[in-house]
Amino acid sequence: MKRRSPTLWTGAVLAGLVVLLALVSLVWLPYDPADTSGGRLAGPGDGHLLGTDKLGRDLFTQLMTGSRIALEAGLGSVLIAALIGVTLGVLAAYAQGWFDDTLSALLDILIAFPTLLLAMLIVAARSATLGSAILAIGLAQSAVVARLTRILVKRVLAQDYITAARTSGTSWPRITAGHVLPNIWPTLVVNLALQFGLAVLAEAGLSYLGLGAPPPNASWGRMLQEAQATFTTAPAGALAPGVLLVLLVIGVNLIADGLRDVLDPTTRRGRAAA
Amino acid sequence: MSALLEVRDLTIRTGTGRALVTGLTFSVARGERLGLIGESGSGKSLTTLAVLGLLPDGMTASGSVVLDGTQIIGASEKTLAGVRGRGAAIVFQEPLTALDPLMRVGRQIAEPLRRRRGVTGAALRRAVAEALERVRLPDPARIARAFPHELSGGQRQRVALAMALACDPALLIADEPTTALDVTVQAEMLDLVDTLVRERDMAVAFVSHDLAVVARVTDRVLVMKDGHAVESGDVHEVVRAPREAYTKALVDSARQLESALDSFGGAQ
């Protein structure tokens, strides 16, 4: 990346902090996550960086494993949303008539359908796991991604260079891979980065309601829920996951913003013309 | 001898049934240079798109369009893919949108070359450089590596022309290829198109609203208005003695522009 974008860098540092925590948690944790020897609701210090929760477990340890869950939720959901959303969006854009209409109507219904209800249905059908939460968030987001993809593809397909490619007998798969996807990619990738932040928030929300990763997995959302009752006496338990959640989502949104500056072909063109 | 392009009773309708082109009949022989002239909205560009089965979504064509022995109207996408490029290729009006902004120019020209001639690797790179040289672009190696936004309008339009010619079409459709260019570049571009098609004995359908431009590069002209053919014939005949009122108006306004310049002529 030749152009420096301060937004991109700030975002990368903030999100990178959480990624670092998650990576370190894979090889080292201050305490065993199930270790309840710390004393209930101990304050920060005394061997526990942020104190302990109401069961005596180390908060910092839970934050570290929670960062892993947050990142997994973000990545997993966006991956599902991208796979299903881009495929459906491209198909809908190419299709004409009833198929396009039907698909668009289905997407509108899915977008209007509350993620929470979808998550409850999936949890009911499967069980409350991180996988169920990711599936629910991914499916809900795929509708948004599909609708955006459809519009972006339609706009590219109306360009003369697509007609020119068709004129020279280029097949649809080649046009899609060679012209359409590269041209919608910049906008799409910015949107997917935003969806990542939303997915992290959605997973925290689902976990808060008990629809995410089950205990003893320390999701930030569940940490918030558990610390809620004791917030006035031991605020660290709620503040710590809350702050990290905000840092990660702001970081990812800044990355999305920075990517827009770096990837947008119109700003690139503008610079070259100047 | 059968014509290269035989359009008979072509009617183009929008999805709501409004006719944009009605009962259009014309033909282009091999090596012949036809001008399609008319004001914006007269259906010229739609006609050229219909020739390749490339009408926008929702528009339908009826009648008969036979290009290089293939019936285009109602043909399957597979049949169309076979005749496109080989039968006819298009150069568009706006050179910026005619090139993929995110693809290096060389790769865009390589696509049709690879498909038409089956060359790859170093031979393909050489063919791309030759294609760029043929449209008089300096330093083809540098141009091939450039993105469209790094080129000037005139250069882009030459690249678009090179792309169309790379298909080695029997008919080159030029849809107002000089309208978006500076006047000085326009003249060069016209000369280039003229030379290249003469060299290859290629047929041309030259679409323009500018009678002077059409007169310069074509043998025969078809005047269109509101989706109808108004008049057609030898370009010199039509300019000298237009039969229809609309053609007469076109010729007169072109002459007025020219005489406006002539009135300054003495000063030079």
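Q: What is the relative accessible area of B:Asp194?
A: This is a predicted model: local features need pLDDT of at least 70, side-chain atom pairs pLDDT 80 or more, and totals for chains, interfaces and linings use all residues. Residues are numbered from 1 along each chain as written, chains are lettered from A and ligands numbered from 1 in written order, and side-chain values use heavy atoms, without hydrogens or water. B:Asp194 counts as buried (under 20% relative accessible area; exposed is over 50%, partly exposed in between; 1.4 Å probe, protein chains only). The value for B:Asp194 is 16%.

Q: How far along helix H7 of chain B are B:Arg198 and B:Asp194 separated?
A: These two form a salt bridge, with their closest N and O atoms 3.4 Å apart (a Lys or Arg side-chain nitrogen within 4 Å of an Asp or Glu carboxyl oxygen). Both sit in helix H7 (residues 183-200) of chain B; helices (H or I, at least four residues) and strands (E, at least two) are DSSP runs numbered from the N terminus. Because they are 4 residues apart in that helix, the separation comes to about one helical turn.

Q: How many residues apart are A:Glu226 and A:Arg57, which pair in a salt bridge?
A: The closest N and O atoms of this pair are 3.5 Å apart. It links distant parts of the chain: A:Glu226 is in helix H8 (residues 220-228) of chain A, while A:Arg57 is in the loop between helix H1 (6-27) and H2 of chain A. Both partners are buried.

Q: Are A:Arg150 and A:Asp100, which meet in a salt bridge, buried or exposed?
A: Their side chains come to 2.8 Å, N to O. A:Arg150 belongs to helix H5 of chain A and A:Asp100 to helix H3 (residues 98-112) of chain A, so to speak two distant parts of the chain, 50 residues apart. Each of the two is buried.

Q: How many salt bridges does a search of the whole structure find?
A: Side chains of opposite charge can pair when their charged atoms come close. Over all chains, the total found is 25.

Q: Which strands are the edge strands of the open sheet in chain B?
A: The sheet has 6 strands with mixed pairing, in the order S6-S7-S8-S3-S9-S10 (two strands pair if DSSP finds at least two bridges). An edge strand here pairs on one side only. The edges are strand S6 (88-91) and strand S10 (228-234).

Q: Which residue in S7(B) is the bridge partner of B:Ala88?
A: S6(B) runs parallel to strand S7 (residues 171-175) of chain B, and 4 bridges join them. The partner of B:Ala88 is B:Leu171.

Q: Why is H1(B) largely enclosed by the rest of the structure, and which residue with positive phi follows it?
A: H1(B) is largely enclosed because 7 of its 8 residues are buried. Among them are B:Leu46, B:Leu49 and B:Val51. With phi near 65 degrees, the residue after this helix is B:Gly53.

Q: How far apart in space are A:Gly178 and A:Val249?
A: A:Gly178 lies in helix H7 (residues 172-208) of chain A and is buried, at 17% relative accessibility. A:Val249 is 71 residues away from A:Gly178 in sequence. C-alpha to C-alpha, the spacing is 33 Å.
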